[in-house]
Amino acid sequence: MTASERGKVLRRIGDVLAESRNAQHLAEIESRDNGKILAEMHGQLKYLPEHWYYYAGLADKVEGTVIPVDKADMLAMTLREPVGVVAALTAWNSPLAFFALKCAPALAAGCAVVLKPSEFASASSLEFAALTKEAGVPDGVINVVTGLGLEIGSPLVEHPDVGKVTFTGSDTTGAKVYEAAARGMKRVAMELGGKSPNIVFEDADLDQACVGAVAGIFGAAGQMCTAGSRLLVQNSIRQAFTERLLDMARKLKMGDPMSADTEIGPIATPPQYEKVLHYIDVAKSDGARCILGGGPATGPGLKGGMFVEPTIFTDVTNRMRIAQEEVFGPVLSIIGFDSEEDAVNIGNDVIYGLAAGVWTGDIGRAVRMSKALRAGMVWVNTYRAYSFMVPIGGRKHSGLGRESGIESIHEYLETKSVMISTASAAPAHAFLQR
């Protein structure tokens, strides 16, 4: 297809996704599959078509360049070509979002995609892939293959016809994928884990910061790689802010993700449920003080489900495992700090570098902190704010490459240089002397 034709197909995919019956159907499937609350899925499905529209518009904006080289008889230019078949391995916490983040720019660039969703949450990806047929996607361009990682993911990554691997998941699994892809010299993009600092200064709007802290860790039951799981609070306000935070967190409603008033749903998988409870025990044994939650939630309607109470720890030092390792659940660690420099040092003192939050009324401090924090994304006076126009991705163990924005389409393109002689015929020795 021409680039313009590809753009029209992507536009139609967005239209199919935007149809209310399809959006409702997909939202319900994903909510049942991974426990994400239906209210959040409705919001996500309203926004996801914009991803496809954005890359539909970018499809025919991919341009090469003409280079004014230092040779009078030479035309030099670059071409941008699709990298080839893309293997996309996605996680269980947001399958439809990952589908858009990876497939929309890949298709806009001219690549075909073989997507392997998590074995824990494959249903919404399969259903959406079937819907793309209505948009006129040719056979073999969007493919979904389900199964276990070792049985499906590994052969897919290692397949000689795959030119690019894009993965979302833990840094441990990501390292294995990276190693396997390297053996085939394949290009790789990875969006991995995080242990993001959410930093509150004494001059912040504390009501707003409290909402951001709660949403940053208890939204999606903490099952987000960008979760603000380390809450750094300036010591001068730490006690008062903690009390405010506790008051808000205690009011969160946990329950059936299909209910409109539910604010926290269950943990998505049995292994993850056990992992979250294990880390709560580790934190307690390391000396952190649990001031809220700290175990399975067993209230009305919760018994027998994989629900974990919203949990908050204080007396946490940044050396504790609860402050260093990704939990991926509704578990918050509060860490005090005194100065701006102190906050930067604590914030950066982890192997991850995906996201960070800064709450302050000082614009100079906001700029300084944004520059000093080693993270792929910094939110100031907000948290979990996303746009399909803004690239996201991590540093250190949080990943490689970027998703969303113009940068994402470049992940699926190769640059080819072309040099064409415009000189008239010349003897052989003339070329040897160049």
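**Note on a predicted structure: salt bridges, cysteines and packing**

1. Arg321 is partly exposed, its relative accessible area being 36%. The model in which this residue is seen is a predicted one. The side chain of Arg321 forms a salt bridge with that of Glu325, with a distance of 3.0 Å from N to O. Glu325 is also partly exposed, at 25% relative accessibility.

2. How many salt bridges does a search of the whole structure find? The search finds 20.

3. A second salt bridge joins the side chains of Arg384 and Glu40, at 3.3 Å from N to O. Arg384 lies in the loop between strand 15 (377-380) and strand 16 (395-396), whereas Glu40 belongs to helix 3 (residues 38-58), so this pair ties together parts that are 344 residues apart in sequence. Arg384 has a relative accessible area of 25% and is partly exposed.

4. Arg289 and Asp315 likewise meet through their side chains in a salt bridge, at 3.1 Å from N to O. Because Arg289 lies in strand 10 (residues 289-292) and Asp315 in the loop between strand 11 (311-314) and helix 11 (321-324), the pair ties together parts that are 26 residues apart in sequence. Arg289 is partly exposed, with a relative accessible area of 47%, and Asp315 is partly exposed at 41%.

5. Which residues are linked in the network? They are Asp203, Glu340, Arg365 and Arg368.

6. The cysteines deserve a separate point. A disulfide is a covalent bond between the sulfur atoms of two cysteines. The structure holds zero disulfides. Cys111 is buried, with a relative accessibility of 3%.

7. Is Cys290 buried or partly exposed? At 26% relative accessibility, Cys290 counts as partly exposed.

8. Val114 and Val86 are 28 residues apart in sequence, but their C-alpha atoms are 6.2 Å apart in space. When neighbours within four places in sequence are left aside, Val114 is in contact with Val85, Val86, Ala87, Ala88, Asn143, Val145 and Leu156.

9. The final point concerns two helices. Two packed helices are described by the angle between their axes and the distance between the axes. Helix 1 (residues 3-18) packs with helix 4 (residues 95-109) at an angle of about 155 degrees, and their axes are 9 Å apart. This angle makes helix 1 roughly antiparallel to helix 4, because angles over 145 degrees count as roughly antiparallel. The crossing of helix 1 past helix 4 is right-handed. Which residues meet between the two helices? Arg6, Leu10 and Ile13 in helix 1 meet Ala104, Leu107, Ala108 and Ala109 in helix 4.

Definitions and conventions. Residues are numbered from 1 along each chain as its sequence is written. This is a predicted model: local features need pLDDT of at least 70, side-chain atom pairs count only at pLDDT 80 or more; totals for chains, interfaces and linings use all residues. Side-chain values use heavy atoms; hydrogens and water are left out. A disulfide is a pair of cysteine sulfur atoms within 2.5 Å. Buried means under 20% relative accessible area, exposed over 50%, partly exposed in between (1.4 Å probe, protein chains only). A salt bridge is a side-chain nitrogen of Lys or Arg within 4 Å of a carboxyl oxygen of Asp or Glu. Helices (H or I, at least four residues) and strands (E, at least two) are DSSP runs, numbered from the N terminus. Contact means heavy atoms within 4.5 Å. Axes are lines fitted to C-alpha atoms, for helices over the stretch in contact, and angles run from 0 to 180 degrees between N-to-C directions. Angles under 35 degrees count as roughly parallel, over 145 as roughly antiparallel, 65 to 115 as roughly perpendicular and the rest as oblique. A crossing is left-handed if the near helix is turned anticlockwise from the far one by less than a right angle, and right-handed if clockwise.
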